[in-house]
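Visitor: I have not looked at this one before. Can you walk me through it?
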Amino acid sequence: MTRDEYLSQLKYLLGSLSEEERMEALQYYMDYFDEAGDDAKVMSELGSPEELARSVNEKFATAVMHSRKEQADSDATDAGQSKSASDSLYFNFAENAVKSLELKLGAAEVVFISGKEYCIESRGIDSQNLECFLGNDGVLIVRNMKKINLDFFSHERSRRVVPRILVTVPENARMERFKLSVGAGRLRMKGVSFSSSSSELEIGAGSVECGKICSDRAVFRCGMGNLEFAGSVKGNTVIDCGMGCVKLRLEGSPDSYSYNLRLGLGEFNFNSEKKSGICQVQAEEKKENHFAVSCGMGNVSIYIG
């Protein structure tokens, strides 16, 4: 699909917006294509026209219109970092140099895609507010703990740089540890597949949709947000859910898994089994692959097969 075909389909799918809003959104993404200079990567990052149209409609329906000040430029000083445009940062690292990946994000819109090496790209985030470095132990750390203005479609914005982070992971990469902490915002993985000896995902009030991750050990913590995980987990898996929603879609046989459950006022699903209300369940036999689940007022669903 070409850029023109993509934008033409997007325009058709935004028919529920007013003419002014539709043209603003189209101009917004035309500028984004121009700034990126790589149509294929932009379409991979944004998803299908249908996916993007849903996101645009949601943002126009809920956005609070207010002005956003220009962010100051800052010289890039970290190793592996270059600056191609105002508030545009780029880092790249060879696959064999990265042993683990750790992301700690306060509020951002993050997209994972598959590529040939580890790359971290950002737009609309000042370099002082984004930390990215590779430690001596091979841990690639990405941190953004300052709140980012997410009013993408403000009519008073002086420019249209999308405040987001794009993470490229080598296809079928193998990590020692994958650690993700998201306070707010949204994280999506599009066609990304990797394996990790251990994974730890912690979600506050944000939304995370993981691709295919194979992990030997895993910990999932969710406060008020939404976490969707696909792939496989082995050994002991910890799930701690407050008022949010955790959904796991895993490969394998449900007969090879057991679980212990502490449930408050929420709901728990394990394939066809369903439990709700205050209860505790202890597995008669703790199997090699085991879930330790604690759920307050939220929802935990595990589907295996």
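Guide: One term comes up throughout, so here it is: contact means heavy atoms within 4.5 Å. In this protein, residues 24 or more positions apart account for 59% of the contacts with a separation of 6 or more. Keep in mind that this is a predicted model.

Visitor: What is the mean pLDDT of the protein?
Guide: The mean pLDDT is 85, and 84% of the residues reach 70 or more. Over residues 62–86, though, the pLDDT is below 50. That stretch still has 50 contacts in the model beyond near neighbours in sequence.

Visitor: Where else does pLDDT stay under 50?
Guide: Over residues 155–162. For this stretch the model has 24 contacts beyond four places in sequence.

Visitor: OK, the overall make-up. How many helices and strands does the protein have?
Guide: The protein has four helices and 19 strands. Of its 305 residues, 47% are buried.

Visitor: Let's take the helices. How do α2 and α3 sit against each other?
Guide: Helix α2 covers residues 19–36 and helix α3 covers residues 39–46. Their axes come within 8 Å and cross at roughly 130 degrees. That angle makes α2 oblique to α3.

Visitor: Is the crossing of α2 and α3 left-handed or right-handed?
Guide: The crossing is right-handed.

Visitor: And which residues meet there?
Guide: From α2 there are Tyr 29, Tyr 32, Phe 33 and Ala 36. From α3 there are Asp 39, Val 42, Met 43, Glu 45 and Leu 46. By type, the residues of this contact divide into seven nonpolar, no polar and two charged.

Visitor: What does Glu 45 touch?
Guide: Not counting residues up to four places away in sequence, Glu 45 touches Tyr 32, Val 111, Ile 113, Arg 123, Arg 164, Leu 166, Arg 188 and Lys 190. Tyr 32 belongs to α2 and is part of the meeting of α2 with α3.

Visitor: How accessible is Leu 10?
Guide: Its relative accessibility is 0%, so Leu 10 counts as buried.

Visitor: Now the strands. Where is Val 182?
Guide: Val 182 is in strand β8, residues 173–189. With a relative accessible area of 3%, Val 182 is buried.

Visitor: What is Val 182 in contact with?
Guide: Apart from neighbours within four places in sequence, Val 182 is in contact with Leu 105, Leu 187, Glu 202, Ile 203, Gly 204 and Val 208. For Val 182 and Lys 104, 78 residues apart along the chain, the C-alpha atoms are separated by 6.2 Å.

Visitor: One last residue. What about Ser 195?
Guide: Ser 195 lies in strand β9, residues 193–203. Its relative accessible area is 17%, and buried means under 20%, so Ser 195 is buried. Setting aside neighbours within four places in sequence, Ser 195 is in contact with Ala 173, Arg 174, Met 175 and Cys 214.

Methods
Residues numbered from 1 in each chain as written. Predicted model: local features only at pLDDT ≥ 70, side-chain atom pairs only at ≥ 80, totals over all residues. Heavy atoms only, no water. Axes fitted to C-alpha atoms, helices over the stretch in contact; angles between N-to-C directions. Helix = DSSP H or I, 4+ residues; strand = E, 2+ residues; numbered from the N terminus. Parallel < 35°, antiparallel > 145°, perpendicular 65-115°, else oblique. Left-handed = near helix turned anticlockwise from the far one by under 90°. Nonpolar A, V, L, I, M, F, W, Y, C, P; charged D, E, K, R; others polar. Buried < 20%, exposed > 50% of the residue type's maximum accessible area, 1.4 Å probe, protein only. pLDDT = per-residue confidence, 0-100.
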